[in-house]
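Subject: Structure for you to look at

Hello,

Here is the structure I said I would pass on. Please open it first, and then read the notes below alongside it.

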Amino acid sequence: MRILALLILTVCTLFYTTAAALAASLMPGTEYEIPVVVLGDGSAPVAVVLGGVHGNEPAGSLAAQKLSQDTVIKGTLVIIPQVNKLALAKNIRTLDSIGDINRQYNAQQSNLPSKQIATQILELIKTHKASMLIDLHEARTFHKLDNSSLGQLILPTMNDKSAMLALDAVNYVNKSIPKGYKQFGYGPYPLPDSAAYYAGKNLNISAFTVETSSQNELDERVRQHYLIAKYLLAAEGVVLK
């Protein structure tokens, strides 16, 4: 009986997660439709996590999906694990027909789906009155070996709170990484026209681009993304277990 009860509970939990993802979406009714998972009771603080903005950066998507399986015991967490799901399926940065979503957070007009997706993400942030945005990415190598790469950096947006939290998060995650070039560093600002850049400059909220190095094993990149995201969320008051 107990085993049956546990099985029913597991099925119900899986159904709830799936239902939540299907009930909320971006670009509904199109081939680009993107599931959105909302965890928590809707109360403040609210944080938004983006994964899979670039299709050849799977670790952020997997870490976001892992977060979506957690339970929020305080605040609200809005997760978009597969922002660019068509590119993720092909393991390419993006499709020419879509465009680069993370370069569309600006006033420039465009008919590309990437612009529509970016616009709807901003509307989601505003609708939920989010006070934090975390955007999970990957770079080609380690910044400490090649300063033209952003790998193993936490990029805070342009406000003091983000800067302090990023420094704290760097110190936190580095405790689990052997000393050397594989450890995380801090800064610079997120790239112009990116989600984190816009969120800090125009919405004045805490925002971060987190870049792991694709030279690490996938499991390690996912672990680092997950650890950093949970740390930043807890610092904002969005508590998971």
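Start with strand 4, where both faces are covered: Val46, Val48 and Leu50 on one side, and Ala47 and Val49 on the other, are all buried. Please keep in mind that this is a predicted model. The side chains of a regular strand alternate between the two faces of the sheet. Strand 4 covers residues 46–50, and five of its five residues are buried.

Which strands pair with strand 4? One is strand 6, which pairs with strand 4 in the parallel sense over five bridges. In that pairing, Leu50 stands opposite Ile80 of strand 6. Another is strand 7, residues 132–139, which is also parallel to strand 4 and is joined to it by four bridges. There, Val48 stands opposite Leu133 of strand 7.

These strands belong to an open sheet of seven strands, in the order 3-6-4-7-10-8-9, with mixed pairing. Strand 3 (37–40) and strand 9 (185–186) stand at the edges with a single partner strand each, so one side of each has no neighbour in the sheet.

Val37 stands opposite Ile79 of strand 6.

Leu153 stands opposite Gly185 of strand 9. Are the residues on the two faces of strand 8 buried or exposed? Leu153 and Leu155 on one side, and Ile154 and Pro156 on the other, are all buried, so to speak of strand 8 (residues 153–156) is to speak of a strand covered on both faces.

Asn84 lies between strand 6 and helix 3, which spans residues 85–90. Its relative accessibility is 2%; the cut-off for buried is under 20%, so Asn84 counts as buried. What does Asn84 touch, leaving aside residues up to four places away in sequence? Its contacts are Gly52, Val53, Arg93, Thr94, Ile98 and Ile101. Of these, take Ile98: 14 residues separate it from Asn84 in sequence, and the two C-alpha atoms are 8.7 Å apart in space.

Now the whole protein. How many helices and strands does the protein have? There are seven helices and eleven strands. The radius of gyration is 17 Å, close to the 18 Å that the globule rule gives for 241 residues, so the protein is as compact as a globular protein of that length. Along the principal axes, the C-alpha atoms fill a box of roughly 60 × 45 × 35 Å.

Some totals follow:

- Of the 241 residues, 51% are buried.
- Among contacts with a separation of 6 or more, 74% are between residues 24 or more positions apart.
- The protein exposes about 11500 Å², and carbon and sulfur atoms supply 56% of that area.
- There are 21 positive and 19 negative side chains, and the centres of the two sets lie 5 Å apart.

Regards

Note on methods
Residues are numbered from 1 along each chain as its sequence is written. This is a predicted model: local features need pLDDT of at least 70, side-chain atom pairs count only at pLDDT 80 or more; totals for chains, interfaces and linings use all residues. Side-chain values use heavy atoms; hydrogens and water are left out. The radius of gyration is taken over C-alpha atoms; the globule rule is 2.2 Å times the number of residues to the power 0.38. Buried means under 20% relative accessible area, exposed over 50%, partly exposed in between (1.4 Å probe, protein chains only). Contact means heavy atoms within 4.5 Å. Accessible areas come from the Shrake-Rupley method with a 1.4 Å probe; for residues, only the protein chains shown count as cover. Lys and Arg count as positive and Asp and Glu as negative; His and the chain ends are not counted. The place of a charge is taken as NZ of Lys, CZ of Arg, CG of Asp or CD of Glu. Two strands pair if DSSP finds at least two bridges between them.
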